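Please look through the following model slowly, keeping the sequence beside the picture while you read.

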Amino acid sequence: KDIVGLLDRIKETAPVSANRTHSILLILFNWALDSELVQANPIAGLKKRAKEEAKGRTLTADELRILLQALEERKGVTIDVADALKLIILTGQRPGEIVGLVRSELRDLGDPDQARVEFPAARMKARRPHVLPLAPCAHRLIADVIQRRSADGDGISVFASKFARRETLARHSLSGGLARLVAGLDPEKKHGEVVRSLQADPPTPHDLRRTVATGLAALGVSREDRKAVFAHSESDVHGIHYDKYERSREKRAALQLWETYVTTVVGREVKPLLGAGSTK
């Protein structure tokens, strides 16, 4: 009864958060049951409090161009938040994986053909290690961020947090920064229709990931290679127990194809930002 009351109170203002809290409590009580701390799971069989609609927001080419221009101008966001959002646009990785990047996960940055991120299993949703090849723009962005932070960085994190108690960016810093960025666009200036579209349905950091996935499909990248880029593991016996091929070559080719598309979309006006983090 206490938990139902708690979830219903959360649901009044944040239905999705009510469902997430439900999931966390379910994990907690299952752990307590396995550890013989309780005799039963008190919320076993309890339905989620809110119905969620599958999200499908993706950015159009024009919206992507305007957003990248705004990320270059950085009105209302820190340079690290802007660069982290750019990196999501270039790689399609989960926001939580990008904000938590640490230098020990970077490999062969001195060799553009081999530069990559090696995410440990503990940082991945599926709890499996993930290799992310860094195509040229993403490679330059990360290299420039590290160079920028060489004087004042902690030597651990890639992106800096404004909170002294944190070593890496917080996930909500990207959500809040992107929301401020979109809200601050002026619909009365050039490309007003596109700005109004962005403001009418503001994208989230995860929508950027979905945009990359959709874009790769439109560019003809195979489903198998797309799943590899996004660390979506195969669920059959072959995929789980037998096929351990990382598909690094295929992932790099897919991300290079996406970067070519992005640089074409943004055009000459915005292209310098894909060389990464200006310090102006």
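## Terms and basis

Angles under 35 degrees count as roughly parallel, over 145 as roughly antiparallel, 65 to 115 as roughly perpendicular and the rest as oblique. Each angle runs from 0 to 180 degrees between N-to-C directions, and the axes are lines fitted to C-alpha atoms, for helices over the stretch in contact. Helices are DSSP runs (H or I, at least four residues), numbered from the N terminus.

This is a predicted model, in which local features need pLDDT of at least 70 and side-chain atom pairs count only at pLDDT 80 or more, while totals for chains, interfaces and linings use all residues. Residues are numbered from 1 along each chain as its sequence is written, and side-chain values use heavy atoms, with hydrogens and water left out.

## Helix 4 beside helix 3

Helix 3 (residues 61–73) packs against helix 4 (residues 79–91) at an angle of about 150°, with the two axes 9 Å apart, and the pair is therefore roughly antiparallel. On the side of helix 3, the contact (heavy atoms within 4.5 Å) is made by Leu64, Leu67, Leu68, Leu71 and Glu72, and on the side of helix 4 by Ala82, Leu85, Lys86 and Ile89.

Sorted by class, this contact of helix 3 with helix 4 has seven nonpolar, no polar and two charged residues. Here Ala, Val, Leu, Ile, Met, Phe, Trp, Tyr, Cys and Pro count as nonpolar, Asp, Glu, Lys and Arg as charged, and the others, Gly among them, as polar.

Residues of helix 4 including Asp83, Leu87 and Leu90 take part in the contact with helix 6, where Leu141, Ile142 and Val145 are among the partners.

With helix 9, the axis of helix 4 comes within 7 Å and crosses at roughly 25°, which means that helix 4 is roughly parallel to helix 9. Leu85, Ile88, Ile89 and Thr91 of helix 4 meet Pro205, Leu208, Arg209 and Val212 of helix 9, a contact that divides into six nonpolar, one polar and one charged residue.

## The lining of the largest pocket

Which helix gives the largest share of the lining of the largest pocket? Helix 9 does, with four residues. By class, the lining has six nonpolar, four polar and 15 charged residues.

Note on methods. Helix = DSSP H or I, 4+ residues; strand = E, 2+ residues; numbered from the N terminus.
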